[in-house]
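Below is a set of questions and answers about one protein model. Look at the structure first, then work through them in turn.

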Amino acid sequence: MDRIYIVRLDNGVRCESIGSDTLTLRTGDYCVIQKDFYLDYGQIIQDRGEFVPSTPEKDRELATIQRKATVHDQSVAHENEARSKSALRTAEKYVEQLALPMNLLNAHYSFDNRAVIVQFTADGRVDFRELVKELSRALASRIELRQIGVRDETAICGGIGICGQELCCSRFLRDFSSINVKMAKEQDLSLTPSTISGACGRLKCCLKYEHDGYVEMEKSMPRRGEICECPKGRGRVCDRNLLTQKVTLQMEETGVLATFERSELKSVAPERRGNPNAGGNANPGPKDGGGNRGQSRNNRRNNNNNNNNNNSGNSNNPGGNSGKAEN
């Protein structure tokens with residue numbers, strides 16, 4: 001019966017490998033694996049259990065464990081490790097000569113010396129075809145240049161996080177999930193870069209671990225700025241702790257800050273602004289408003305017509321007063 005193992009090479013690369021139960025492999029053992037067209041050497045870091053076939057394409061991507069490493073295999077691996085350091089210095093020399101914008105991380109000789117894998121980081125795409133030609137001529141082997149991201153670089157280099165534990169990416173993480181600032185906001189974390197950024201300079205992977213739990217706890221909590229009733233009166237939410245389910249209010253009457261359990265609070269709907277006595281006249285509908293405006297226009301027109309008629313009547317008898325005076 002075959003089992004599947006996680007094997008780590010000396011350059012930090014992890015690969016899934018299939019091994020037979022007859023090899024009696026355990027975590028920590030070194031082994032020789034068949035990967036692509038060459039043999040390689042690594043250490044078993046995890047036993048994933050019984051191998052379950054999936055699709056032929058995915059199964060072909062898996063390496064095969066040939067045997068448990070012998071003393072001779074270990075000596076060959078040590079020699080290759082020394083040669084890898086020399087190959088890295090050679091590659092750095094050619095990178096400097098060609099003025100390529102890339103940062104070399106490590107070089108790795110396959111167990112049978114049929115390939116040299118060089119990993120590097122760069123801000124963008126790099127045309128390294130000339131570098132491959134020079135390295136193939138100098139090292140007399142097949143050259144593979146692999147560009148990796150800053151997260152993969154940190155996983156290879158390793159380190160200690162602010163929690164005091166080994167970095168998650170170098171200890172157990174295999175796939176890097178998408179992480180955004182919204183996750184930090186929903187967990188009420190400070191958005192300063194030093195707080196939410198990891199050793200790689202990107203957002204911490206651990207922001208994803210408890211995100212769903214924080215979203216669920218946030219549903220029952222009042223938001224900042226919301227008005228709530230409490231045993232001491234009414235106050236405005238100025239701070240809250242999702243884990244302890246406690247809320248800090250600034251009391252309206254005294255301005256004093258007080259902390260209460262979520263169960264002691266009751267949210268108050270915001271009061272509507274405006275004249276409560278105005279009723280429907282304060283905000284007339286489009287029909288009523290239009291009718292009132294039309295009626296006011298008609299009144300103004302009638303008043304103007306009456307004034308014009310009075311003026312015209314006076315103009316038709318301009319001498320009426322003078323005639324009375326003569327009589």
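Q: Leaving aside neighbours within four places in sequence, which residues is Gly 198 in contact with?
A: This is a predicted model, and Gly 198 sits in the loop between α7 (193-196) and α8 (211-218). Contact here needs heavy atoms within 4.5 Å. With neighbours within four places in sequence left out, the residues in contact with Gly 198 are Leu 203 and Lys 204.

Q: How far apart in space are Gly 198 and Gly 161, C-alpha to C-alpha?
A: In sequence, Gly 198 and Gly 161 are 37 residues apart. In space, their C-alpha to C-alpha distance is 7.5 Å.

Q: Is Gly 198 buried, partly exposed or exposed?
A: Buried means under 20% relative accessible area and exposed means over 50%. Gly 198 has a relative accessible area of 28%, so Gly 198 is partly exposed.

Q: Where is Thr 24, and does its accessibility make it buried or exposed?
A: Thr 24 lies in the loop between β2 (14-20) and β3 (30-35). Its phi is near 50°, a positive value in a residue other than glycine. The relative accessibility of Thr 24 is 51%, and the cut-off for exposed is over 50%. Thr 24 therefore counts as exposed.

Q: What is the phi of Asn 113?
A: Asn 113 is found in the loop between β6 and β7. Asn 113 is partly exposed, because its relative accessible area is 29%. Asn 113 is a residue other than glycine, yet its phi is positive, near 60°.

Q: Is Glu 144 buried or exposed?
A: Glu 144 lies in strand β8 (residues 142-147). A residue is buried under 20% relative accessible area. The relative accessibility of Glu 144 is 15%, so Glu 144 counts as buried.

Q: Which residues is Glu 144 in contact with, leaving aside its neighbours within four places in sequence?
A: One of them is Val 116, which is 28 residues from Glu 144 in sequence but 6.1 Å from it in space, C-alpha to C-alpha. With neighbours within four places left out, the residues in contact with Glu 144 are Phe 37, Tyr 38, Val 116, Ile 117 and Val 118.

Q: What covers the buried residues of α4?
A: Helix α4 spans residues 150-157, and its buried residues are Arg 151, Glu 153, Thr 154 and Ala 155. Just after α4, Gly 158 takes a positive phi of about 75°. The cover over the buried residues of α4 includes β6 (103-109), β7 (115-121) and α5 (168-171).

Q: How many nonpolar, polar and charged residues has the contact of α2 with α3?
A: From α2 come Ala 87, Thr 90, Ala 91, Tyr 94, Val 95 and Leu 98. They meet Glu 130, Leu 131, Glu 134, Leu 135, Ala 138 and Leu 139 in α3. By class, the contact of α2 with α3 has nine nonpolar, one polar and two charged residues.

Q: What percentage of the residues in the protein is buried?
A: The protein has 11 helices and 13 strands. Of its 327 residues, the buried ones make up 32%.

Notes: Residues are numbered from 1 along each chain as its sequence is written. This is a predicted model: local features need pLDDT of at least 70, side-chain atom pairs count only at pLDDT 80 or more; totals for chains, interfaces and linings use all residues. Side-chain values use heavy atoms; hydrogens and water are left out. Helices (H or I, at least four residues) and strands (E, at least two) are DSSP runs, numbered from the N terminus. Ala, Val, Leu, Ile, Met, Phe, Trp, Tyr, Cys and Pro count as nonpolar, Asp, Glu, Lys and Arg as charged, and the others, Gly among them, as polar. Buried means under 20% relative accessible area, exposed over 50%, partly exposed in between (1.4 Å probe, protein chains only).
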